[in-house]
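Sequence and model come first, then the entries.

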Amino acid sequence: MLGSGARAAKPSFVSYISPEEVHVKEPIEKEVNPHLLPGELLLCEASTVYKYIQEDGSNRGTYGKLVCTNFKIAFLDDSASDDNEPQFKNKIVGENDITLQCVDQIYGVYDEKKKLLTGQLRKYPEKLIIYCKDLRVFNFCLRYTKEEEVKRIVSGILHHSQTPKLLKRLFLFSYASAAPKTTDGRNQTVMFDTLEDWRGELERTKGNVKYKVVTTNEGYVVSDKLPLYFVVPICVSEESILKYEGRGIPIWCWSCHNGAALLKMSAFPKEQDDIASQTQKAFLDGIYKTISKPPYELLKMDDLSSSLPSLQDIQTAYTKFKQLFLIDNSTDFWATDVKWFSLLESTNWLEIIRRVLKKAIEVAECLERQQTNVLLIEESATDLCCVISSLVQVMMDSYSRTKSGFQSLIQKEWVIGGHGFLDRCNHLHKSDKEEAPVFLLLLNCVWQLVQQYPPAFEFTETYLTVLSDSLYVPIFSTFFFNSQHQKDTSMSGESLKTQSGPFRFLTVWDWSVQFDPKAQAFLNNPFYAEKPKLDKSQRKTARFKHQRQLSLPLTQGKTSMKRGFFREETDHLIKNILGKTIGKFINSSDELPNSFREFYDSWHSKPVDYHGLLLPRIDGPEIKVWAQRYLRWIPEAQLHGGGTIATTAKILDLMEEVRSLQEKMDEEHSQAVSGDVHSVPMLRNSSRLSSLFPFALLQRQSVKPALPTSTWKDLEDEDDLVKRDDEFVDLSSDTS
């Protein structure tokens with residue numbers, strides 16, 4: 001052929017054996033049954049389903065059974081062995097399990113073309129691709145499955161994971177009514193569902209001098225959006241709380257060591273008639289005048305709806321951002337690698353994180369340096385108010401950087417505070433308009449602090465990752481209600497009583513439900529700098545220096561220093577809400593950006609006290625991608641025997657050696673000393689570990705193509721499922 005003068009063409013070899021047949025000749029007919037939780041029912045199943053190994057793009061995989069229950073979608077691999085058992089295993093959700101709430105989008109493949117599957121199907125796909133909210137991608141081939149089973153399993157998965165549901169149809173209720181009663185599991189986490197919890201928090205923060213816990217909303221007589229108990233300034237009367245269903249009332253979040261407090265307030269609707277508007281302005285005028293008098297500090301207000309991105313902007317940015325990590329195969333990964341940074345910047349997700357962190361620093365400056373009360377204002381005070389108030393407390397209160405303290409903070413500001421988890425996570429698939437990753441935004445911001453100041457936190461980034469995963473595990477009530485009222489009324493139904501009496505939901509803070517003790521050890525930071533018990537004369541010298549870390553070569557931040565802290569917002573509030581200027585308020589000026597910069601630079605020029613104020617670094621490329629969460633399922637993005645886990649393993653080896661020597665020196669204390677030796681287990685042979693351990697354990701080889709991407713694409717197998725013009729993965733239209 002070469003001597004015939006014919007034009008050189010693409011390789012002409014044609015294989016008449018499917019890729020599946022090359023690697024698995026015959027499916028093993030072995031009966032495998034799913035492990036069902038209490039209350040879990042098998043709804044439909046399909047045998048002889050072929051699951052692709054997504055990372056290498058070679059169409060290799062394994063046969064098994066695909067099942068759908070009222071809790072999850074699961075692939076049962078009959079060739080699974082204990083050798084492949086992950087070291088960090090979730091007892092509720094397996095490696096090949098997808099909870100129905102974790103399903104993001106489902107695509108079908110027809111004649112090698114991907115199509116988003118919704119509603120009733122006229123034709124059933126030969127391949128199924130499931131994209132998950134935790135960024136896993138599952139590829140299933142249905143070509144060898146019986147037609148009736150294909151119809152049943154595809155229809156079942158679509159119906160149970162994508163169609164709107166009633167609240168009490170969630171698996172949460174089935175599990176709670178069928179599961180055996182266990183201990184409460186809250187450990188040291190303060191749940192803030194009792195009067196004593198709130199009084200204890202006031203006493204801890206020394207806020208009980210100026211603020212009080214009110215029981216006005218017992219029975220939800222004021223509002224079903226407010227918790228049963230909350231804290232307000234002592235001067236606020238019960239009549240004021242009742243007047244507008246809690247709107248316009250400053251609600252206490254936290255008190256600083258100097259007495260300044262962080263408050264939040266639910267704003268009045270903007271579009272109202274003049275009479276109602278004037279009445280509300282007069283009401284607000286009276287409230288502000290009251291809390292601006294001694295013993296209260298001066299007050300600054302911030303309308304977060306005008307100073308931070310909208311929920312729609314946050315949702316849009318995250319939707320673009322997550323697409324960068326929903327990778328089907330290696331070829332797809334390397335094809336986007338060339339434009340990685342431009343694609344990342346175009347999502348605007350990291351810029352939103354930067355803006356939120358900057359706002360939290362500005363609030364911290366007011367509380368810490370200016371000793372001024374800060375009032376956060378939002379329409380419902382349950383979204384961005386939760387983000388900023390939580391971040392400020394993590395930055396200023398070392399208790400919130402312990403595991404129990406952080407969990408108590410989430411309970412106080414988010415769960416009891418009334419964040420609409422049900423709507424924002426779209427657990428019922430009722431309205432995409434209400435969906436927004438607000439809680440995930442907080443975890444991303446906290447992760448920035450964790451990776452910048454590791455010794456300051458008792459928990460690890462793995463803890464934050466599994467906490468984000470728990471958003472989609474419907475056996476815990478923590479993230480599945482919009483308010484305390486909704487949870488209480490859901491539990492009071494006659495039909496929900498069990499033989500042993502009214503059931504009780506599990507809380508996510510009982511980590512023993514998901515992980516055994518060895519796995520739970522990964523949630524605890526072995527390098528946490530516990531607060532030393534020192535004399536007053538020693539406290540000033542107990543300081544630590546932080547080290548700057550390498551970061552992704554991102555572009556410089558777009559943080560604008562033109563707008564002063566609360567400048568336009570305060571003027572807007574005084575003009576449109578109060579109707580007149582109140583002299584007690586501190587109005588921002590053009591000098592405040594310099595004040596903020598001075599505060600920021602001054603703090604970063606000094607050694608860090610890991611138990612004092614922490615300010616995140618937000619300049620330039622300091623804001624990073626949360627690699628463990630977003631890249632854990634992509635082997636190409638992992639470092640073989642590298643990353644922070646390799647350093648951690650070496651340090652832990654030294655720590656264990658020191659402890660061992662200490663045991664020999666003092667045998668009578670050996671048990672007490674050796675109790676934490678294996679605080680992070682199974683880190684031997686760190687050279688074999690992936691940088692994204694413990695989620696990605698051993699690095700599988702993935703070779704980057706030596707040819708340019710364009711040439712590589714020309715040589716791709718024509719059976720490649722992912723087309724370059726697929727709108728789901730192509731973000732090039734958003735870049736310049």
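I looked up which helices line the largest cavity: helix H8 (311-323), helix H14 (421-424) and H15 each supply at least two residues of that lining. Helices here are DSSP runs of H or I with at least four residues, numbered from the N terminus. I note that this is a predicted model, in which local features need pLDDT of at least 70, side-chain atom pairs count only at pLDDT 80 or more, and totals for chains, interfaces and linings use all residues. Residues are numbered from 1 along each chain as its sequence is written, and side-chain values use heavy atoms, with hydrogens and water left out.

I took a cavity as a set of points, on a 1 Å grid over the protein atoms alone, where a 1.4 Å probe fits but cannot get out; lining residues have an atom within 4 Å of a point. The count comes to 5 cavities of 30 Å³ or more. The largest cavity holds about 220 Å³, a volume being the space filled by probe spheres set on the points, which are joined across faces, edges and corners. Its lining has 19 residues, and the closest to its centre are Lys 133, Tyr 318, Glu 435, Pro 437 and Tyr 472. By class, the lining has 12 nonpolar, 2 polar and 5 charged residues. Ala, Val, Leu, Ile, Met, Phe, Trp, Tyr, Cys and Pro count as nonpolar, Asp, Glu, Lys and Arg as charged, and the others, Gly among them, as polar.

I then turned to the packing of H15. The axes of H12 (residues 384-396) and H15 (residues 438-452) come within 10 Å and cross at roughly 20 degrees; axes are lines fitted to C-alpha atoms over the stretch in contact, and angles run from 0 to 180 degrees between N-to-C directions. H12 and H15 are therefore roughly parallel (under 35 degrees). In their contact (heavy atoms within 4.5 Å), Val 387, Ser 390, Leu 391, Val 394 and Met 395 of H12 meet Val 438, Leu 442, Cys 445, Val 446 and Leu 449 of H15.

H16 (residues 461-469) packs on H15 at about 175 degrees, the axes being 10 Å apart. The two are therefore roughly antiparallel (over 145 degrees). Among the residues in contact are Phe 439 and Trp 447 of H15 and Glu 461 and Leu 464 of H16.

H11 (residues 349-368) packs on H15 at about 75 degrees, with axes 10 Å apart, which makes H11 roughly perpendicular to H15 (65 to 115 degrees). Their contact has 7 nonpolar, 2 polar and no charged residues.

Key:
On a 1 Å grid over the protein atoms alone, a cavity is a set of points where a 1.4 Å probe fits but cannot get out, and a pocket is an open set with protein on both sides within 12 Å along at least five of seven lines; lining residues have an atom within 4 Å of a point.
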